[in-house]
Amino acid sequence: MTDPIADFLTRIRNAVAAGHKVVEIPASKMKQELTRILHEKGYILSYKLIDGQPFNTIKIALKYHPETKRPAIKRLERVSSPGLRRYAGVDKLPRVLNGLGIAVLSTSKGIVTDKEAKDLNVGGEVICYVH
């Protein structure tokens, strides 16, 4: 697999499109941090790291509106890829849906959202947009 982050986002995107309640994804530290951010920002219900013999997995419970059954994640978009890295300085941090969505960045301070990066006064690689 050449781009495990794109695979992570695609698995979530496909599970949401199919209306699944749970999705399992092979784990890595970067994927765990992305999952943590999605949980903190309210895009997923919960997640659990499962230790397995060949590899660890992350079990993610997806979030839907109780009445309309619409997913909390409307769009997941990969920005930076292995072939074309996209970086943003602290003065040029992206705004997603005029502040209603989040941009996830990989910085020297770890994996953070655009608002946290602005507070920390750091720029970095723009990994994805979520809204």
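The following legends describe close-up views of a predicted model.

View 1. The structure contains one cavity of 30 Å³ or more. The space in the largest cavity amounts to about 30 Å³. Its lining is formed by Phe8, Leu9, Leu34, Ile37, Leu38, Leu76, Val104, Cys128 and Val130. By residue class, this lining comprises nine nonpolar, no polar and no charged residues.

**View 2. Secondary-structure elements around the largest cavity.** Two or more residues of the lining are given by each of α1 (4-18), α2 (29-40) and β8 (124-130). The largest share belongs to α2, which supplies three residues. Leu34, Ile37 and Leu38 are among the residues that line the largest cavity, and α2 spans residues 29-40. Phe8 and Leu9 also belong to the lining, with α1 covering residues 4-18.

**View 3. Packing of α1 against α2.** The axes of α1 and α2 lie 10 Å apart and form an angle of about 40 degrees. Helix α1 is therefore oblique to α2. The two helices, α1 and α2, cross in a right-handed manner.

**View 4. Residues at the contact of α1 with α2.** From α1, the residues Pro4, Ile5, Phe8 and Ile12 take part in the contact. Their counterparts in α2 are Met30, Lys31, Leu34, Thr35 and Leu38. The contact residues comprise seven nonpolar, one polar and one charged.

**View 5. Leu97, a non-glycine residue with positive phi.** The phi angle of Leu97 is positive, with a value near 50 degrees, although the residue is not glycine. Leu97 is located in the loop that connects β5 (87-88) and β6 (102-107).

**View 6. Asn121, a non-glycine residue with positive phi.** Asn121 has a phi of about 60 degrees, a positive value in a residue that is not a glycine. The loop between α3 (114-120) and β8 contains Asn121.

Definitions and conventions: Residues are numbered from 1 along each chain as its sequence is written. This is a predicted model: local features need pLDDT of at least 70, side-chain atom pairs count only at pLDDT 80 or more; totals for chains, interfaces and linings use all residues. Side-chain values use heavy atoms; hydrogens and water are left out. On a 1 Å grid over the protein atoms alone, a cavity is a set of points where a 1.4 Å probe fits but cannot get out, and a pocket is an open set with protein on both sides within 12 Å along at least five of seven lines; lining residues have an atom within 4 Å of a point. Grid points are joined across faces, edges and corners, and a volume is the space filled by probe spheres set on the points. Helices (H or I, at least four residues) and strands (E, at least two) are DSSP runs, numbered from the N terminus. Ala, Val, Leu, Ile, Met, Phe, Trp, Tyr, Cys and Pro count as nonpolar, Asp, Glu, Lys and Arg as charged, and the others, Gly among them, as polar. Axes are lines fitted to C-alpha atoms, for helices over the stretch in contact, and angles run from 0 to 180 degrees between N-to-C directions. Angles under 35 degrees count as roughly parallel, over 145 as roughly antiparallel, 65 to 115 as roughly perpendicular and the rest as oblique. A crossing is left-handed if the near helix is turned anticlockwise from the far one by less than a right angle, and right-handed if clockwise. Contact means heavy atoms within 4.5 Å.
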